[in-house]
Amino acid sequence: MANELWQQRVQRAQEAAAARLGVDVSVMRPPRSPSAEGSAQEGKEAAPEPTVPAVVTEAEAVVEAVEPVTQVVTKTAPRPAKVQTASAGNAAADRVAAAKARAAAKAAANSASAAPKPATSRATAAKTKAAAPAAVGQPGMNRREFVTYAWAAALGLLTLEGGLATYQFMYPRFKAGEFGGKFDIGVASAVPPTDAPPKPAPAGKYWLVNTDAGPKALYMVCTHLGCLYKWAPSNNRFECPCHGSKYTREGFYIEGPTPRSLDQFIVEVVDDGNTAVTTDSDKGAVPPPVSSPNAEIIINTGKKILGKPSSESPFRAAG
Amino acid sequence: MGVQQEIREKGLLGAVAGIGDDVFTRVTAGISVGEFRRMLQGEAPGRPNPRLKPHSEAFLLHIKPTYYHESATRFNHTFRLGLLSTYLFLIETITGLLLMIWYAPAPERAYADMIGLLTNVPFGQFLRDLHRLGAEAMVAIVTLHMVRVYLTGSYKPPRQFTWFTGVVLLVVTLFLSFSGYLLPWDQLSLWAVTIGTSMAEAVPPAIVGETVNLLARGAPDIGANGLLRFYLLHVIFLPLVLILFFFVHYYKVVHFGISLPADEEEIGEDTASRIPAAKRVYYLPDVAIDELSFLTVFTMITILLTVFFFQAPLEHIANPQSTPLHTVAPWYFYWLQGMLKIADKFIAGVAVPGILLVLLVAIPYLDKNPSRRGRDRRVAIVSGIIAGMVMLILGWMGTPKYAVQGAPSIEIVQELMPEEGSGLVREIGYAHLPLGVYSTDDHTKYDDPQFAELMHEYTAAVLHFDEQENDFNGARGQLTITQDQPGLKKINWKISWYDAQSQKEVFQKAFWLHRDSFYWEQYGLKHKYLDYLSNLISPKE
């Protein structure tokens with residue numbers, strides 16, 4: 001990004017400061033520290049014990065050099081320690097030097113000027129490859145950081161659990177007898193015979209059709225664009241008034257602009273604890289067989305099987 | 001330098017890391033990944049301090065102070081009550097919003113919605129209980145907060161206006177709790193709110209009181225209109241007012257700084273906002289972590305309480321034709337109910353609370369003592385303690401035990417099997433009510449220890465009133481338990497006694513209890529645990 005420009009500015013500032021102070025410009029550039037841990041470890045500046053004195057004295061030298069000129073009232077003792085903390089780190093070097101240059105320029109009361117800039121890991125990443133020796137001290141995270149991450153993970157887990165609970169709370173609940181829920185239509189003997197016309201159930205929005213294989217519940221909405229189709233007794237088929245889609249009594253596509261046959265709701269046949277349900281197959285939904293006349297029939301309007309494409313309908317009109 | 005050159009220079013990982021660091025720094029408004037890690041590791045910030053940037057550049061942190069005075073961060077200085085009040089409001093808002101999904105404020109469906117929430121919605125009971133517990137906790141915590149501020153004298157100049165907004169917030173909190181009380185539409189709600197709005201009617205002149213009452217109820221009696229208006233008050237109007245006053249309140253708090261312990265300042269001086277560098281504790285990361293951990297612990301405790309111990313009650317559906325015995329106000333209004341029992345509704349319902357409110361608001365202006373130290377404020381502290389005790393006594397007077405006793409026979413039955421609520425009989429449960437006819441004269445030993453406890457209480461209550469009342473002598477209580485239907489027991493109470501003229505009198509009352517009605521779950525874990533323990537000691541089927 002703008003690193004090159006930045007570097008040039010830093011160098012110019014260092015040179016100017018050095019010239020003003022009458023020192024060598026290398027003073028402005030503390031040595032790159034062995035704590036450079038490579039680009040893998042970003043941002044952590046280890047405080048390598050052995051180098052502390054060297055850097056400290058250097059910083060102190062700078063500070064002392066600065067003092068008479070700028071009358072900076074340093075809050076002395078702690079400051080050098082802070083200096084080494086960060087400047088021991090990687091590319092804080094240049095920023096540190098720039099900071100010192102700025103401190104020299106201003107008579108800032110806060111000795112913060114003598115303290116280092118924190119090294120950003122962008123600087124780290126940019127410069128670290130050039131950095132030399134092995135890390136000394138404690139690279140990596142300390143206990144406090146680790147525990148904080150662990151705690152953050154626990155909080156994250158709690159939030160996740162809260163989110164799941166909220167989702168379950170919010171999910172719609174369908175009542176039996178309401179559209180979206182289950183409709184218990186009674187025992188199998190109550191279902192009309194296989195040659196009778198379909199029986200409409202407006203509350204559940206389905207037509208109840210009894211076929212040889214078992215009962216079907218056809219969704220009342222046309223699969224074209226959402227109109228409610230009608231039963232045409234004279235033609236013994238369903239016909240949609242909107243665009244003319246036509247379906248057989250059992251819901252298969254005959255002709256019309258619709259892309260697929262009628263959708264169905266899952267039918268459950270419950271006989272003494274055994275439940276048979278509508279199964280989805282390549283040819284269309286297979287209704288559950290009715291095992292006994294006393295089996296309960298339940299239409300589950302919450303679960304729908306889509307009709308198969310019109311091209312596959314065995315009853316599609318030729319041409 | 002383009003991305004490609006970066007990749008060439010640093011390698012792909014290095015470039016991605018660089019971009020990641022960039023993004024992180026932007027999202028956190030100035031804290032790079034390195035600085036973030038240094039923050040977590042407990043190291044000092046660099047100079048200039050990048051941890052100050054989120055306070056000036058980000059929105060969420062801009063109102064939080066950058067640093068606090070070290071003495072103000074101690075737990076037993078503020079007990080974090082202000083923070084807790086705000087957090088409780090947040091909990092209430094979130095749980096309330098979720099509960100709104102399953103509730104509509106119409107009398108014909110409100111109660112059914114409550115039942116649906118409690119039985120048919122996953123986490124419905126949990127959220128409702130949490131909402132209720134949070135509401136009661138919030139009233140308690142804001143009151144404690146006010147007490148703390150009073151005791152540390154933190155309402156003194158320059159903080160008088162902060163105190164005023166705080167009193168407003170207290171009143172709004174009470175009204176929020178009260179307006180929410182009506183929404184379940186059960187007997188408790190309907191009659192407690194009827195009493196409350198009738199007190200509003202007592203405000204003179206008559207035209208004002210009646211208008212306020214009508215505005216609140218939307219009709220002469222509380223019905224569909226009243227429920228809707230209270231709902232609107234509860235979910236939008238009062239929260240907006242609260243948020244507005246909270247903004248002002250918190251802004252003032254941060255502006256003046258949290259007041260320091262009185263011993264650390266000169267009398268009459270307020271240096272809370274001028275904190276010397278040596279005493280600064282920065283929000284990021286120290287105070288932030290502290291607040292977060294405090295709130296986490298509090299949340300955990302609240303959830304545990306809600307799941308295992310607390311259950312918000314739901315009584316019978318609201319019946320405008322019948323007021324149940326022992327109708328009570330919510331506990332934070334017991335003091336009001338206590339006063340209403342001893343004075344007429346204007347004095348007790350309007351005048352005294354009004355005067356109290358004015359006094360509260362006026363405290364910072366009445367208190368001319370510049371010192372916040374305890375030893376210099378003995379009068380203030382003692383009068384505060386006395387006021388608290390008066391409130392407690394009035395509160396006790398507000399409970400049904402005081403001065404609304406009916407006839408002894410009624411009270412005996414109400415104690416053991418109240419019209420609304422649980423009582424010992426329902427806490428014991430269906431299984432521990434053996435069929436038969438029992439009398440307080442019998443001295444048989446009952447097999448079931450819990451039923452034995454019930455009969456013991458019954459006998460004790462009868463004897464107690466026998467001794468106390470002249471009109472209630474030679475009393476005998478009878479309890480008949482029959483199987484009315486499969487799974488339904490009929491519990492018939494019959495108390496006979498001789499009055500002062502030796503006339504025999506009889507009182508009868510019948511209740512039904514179903515096998516599946518879990519009152520012990522609703523109100524008392526005591527008997528459940530007793531059951532469990534007695535099963536451990538002597539296992540039986």
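Two strands are taken to pair if DSSP finds at least two bridges between them. Helices (H or I, at least four residues) and strands (E, at least two) are DSSP runs, numbered from the N terminus. The model is predicted: local features need pLDDT of at least 70, side-chain atom pairs count only at pLDDT 80 or more, and totals for chains, interfaces and linings use all residues. Residues are numbered from 1 along each chain as its sequence is written, while chains are lettered from A and ligands numbered from 1 in the order in which they are written.

**View 1. The open sheet of chain B.** Four strands of chain B, in the order β3-β4-β5-β6, make up an open sheet with antiparallel pairing. Because β3 (436-439) and β6 (504-514) of chain B each have a single partner strand, they stand at the edges, and one side of each is left without a neighbour in the sheet. From one strand to the next, the twist averages 15°. Angles run from 0 to 180 degrees between N-to-C directions, with axes fitted as lines to C-alpha atoms, for helices over the stretch in contact.

**View 2. Strands β3 and β4 of chain B with helix α18.** Four bridges join β3(B) to β4 (residues 473-485) of chain B in the antiparallel sense. Within this pairing, B:Val437 is opposite B:Thr480 of β4(B). Across β3 and β4 of chain B lies helix α18 (residues 449-468), which runs at about 150° to β4(B). Contact here requires that the C-beta atoms of two residues, placed from the backbone, lie within 7 Å.

View 3. Helix α13 of chain B spans residues 334-342, and its buried residues include B:Tyr334, B:Trp335, B:Leu336 and B:Leu340. B:Gln337 and B:Gly338 are likewise buried. A residue is buried if 20 or more other C-beta atoms lie within 10 Å of its own, exposed if 12 or fewer, and partly exposed in between, with C-beta atoms placed from the backbone. The buried residues of α13(B) pack against two helices of chain B, α14 (345-366) and α15 (378-398).

View 4. Domain bounds, which come from an automatic or database domain assignment, divide chain B into domain 1 (3-62), domain 2 (76-329) and domain 3 (408-537). Taken over C-alpha atoms, the centres of domain 2 and domain 3 of chain B are 38 Å apart. Ten residues from domain 2 of chain B and eight residues from domain 3 of chain B take part in the contact. On the domain 2 side, the touching residues are five nonpolar, four polar and one charged. Ala, Val, Leu, Ile, Met, Phe, Trp, Tyr, Cys and Pro count as nonpolar, Asp, Glu, Lys and Arg as charged, and the others, Gly among them, as polar.

**View 5. Two cis peptide bonds of chain B.** B:Pro157 and B:Pro158 are joined by a cis peptide bond with omega of about 5°. B:Pro158 belongs to the loop between α7 (124-151) and α8 (160-182) of chain B. Another cis peptide bond, with omega of about 0°, links B:Leu284 and B:Pro285. B:Pro285 is located in helix α12 (residues 283-308) of chain B.

View 6. A:Lys205, although not a glycine, has a positive phi of about 55°. A:Lys205 sits in the loop between β2 (199-201) and β3 (206-210) of chain A, and is partly exposed because 18 C-beta neighbours lie inside 10 Å. B:Phe123 has a positive phi near 65° and is placed in the loop between α6 (107-120) and α7 of chain B. With 18 other C-beta atoms within 10 Å, B:Phe123 is partly exposed.
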